[in-house]
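Q: I have not seen this structure before. Could you take me through it step by step?

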Amino acid sequence: EYSSGIVVIMGTDGMIKVSKMLKDILGDVNIPIAITGSIIPWRSGFSDAIFNFGQALAHVGSSSDGIYICMNGIKIKPECAEKDLEKQMFVDNCKQY
């Protein structure tokens with residue numbers, strides 16, 4: 001059995017805006033959609049691109065339906081996401097730690 005889902009790879013500067021736009025346009029989707037990218041550039045030699053892509057693939061293969069940003073080992077709903085430039089990662093503002 002195959003699972004269906006979509007992985008969107010894009011630059012992180014517009015990732016939150018695009019994920020919110022997709023949610024507004026598509027509403028509640030019945031497949032997993034993972035939006036991912038890389039905060040650390042590939043040319044640096046220490047990019048997070050491969051890790052984030054793997055996380056996005058795992059999300060669409062095994063997770064619940066909906067649109068999520070998949071970065072830094074966590075999946076974040078678009079309305080909860082914030083890009084923290086100082087920490088070089090995305091954070092989930094809706095999580096209660």
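Q: Which residues does Gln55 touch, leaving out those up to four places away in sequence?
A: Gln55 touches Cys70, Met71, Asn72, Gly73, Ile74 and Lys75, where contact means heavy atoms within 4.5 Å. This is a predicted model, in which local features need pLDDT of at least 70 and side-chain atom pairs count only at pLDDT 80 or more, while totals for chains, interfaces and linings use all residues. Residues are numbered from 1 along each chain as its sequence is written, and side-chain values use heavy atoms, with hydrogens and water left out.

Q: Where does Gln55 sit, and is Gln55 buried or exposed?
A: Gln55 belongs to helix 2, which covers residues 49-62. Helices (H or I, at least four residues) and strands (E, at least two) are DSSP runs, numbered from the N terminus. Gln55 counts as buried because its relative accessibility is 15%. Buried means under 20% relative accessible area, exposed over 50%, and partly exposed in between (1.4 Å probe, protein chains only).

Q: What does the side chain of Gln55 reach?
A: The side chain of Gln55 reaches the backbone nitrogen of Met71 at 3.3 Å. A polar contact is a pair of N or O atoms within 3.5 Å; within protein, one must be able to donate a hydrogen and the other to accept it, and residues adjacent in sequence count only if both atoms are side-chain atoms.

Q: What about Phi of Gln88?
A: Phi of Gln88 is near 55 degrees, also a positive value in a residue other than glycine. Gln88 lies in the loop between strand 5 (81-84) and strand 6 (89-92). With a relative accessible area of 44%, Gln88 is partly exposed.

Q: New topic: which residues does Val8 touch?
A: Val8, in strand 1 (residues 6-9), touches Ile33, Ala34, Ile35 and Thr36, again not counting residues up to four places away in sequence. The C-alpha atoms of Val8 and Thr36 are separated by 6.2 Å, although these residues are 28 apart along the chain. Val8 is partly exposed, with a relative accessible area of 24%.

Q: How many helices and strands are there overall?
A: The protein chain has two helices and six strands. From the N terminus on, the elements run β-α-β-α-β-β-β-β. The radius of gyration of the protein chain is 13 Å, close to the 13 Å that the globule rule gives for 97 residues, so the chain is as compact as a globular protein of that length. The radius of gyration is taken over C-alpha atoms, and the globule rule is 2.2 Å times the number of residues to the power 0.38.

Q: What share of the residues is buried?
A: Of the 97 residues of the protein chain, 33% count as buried.
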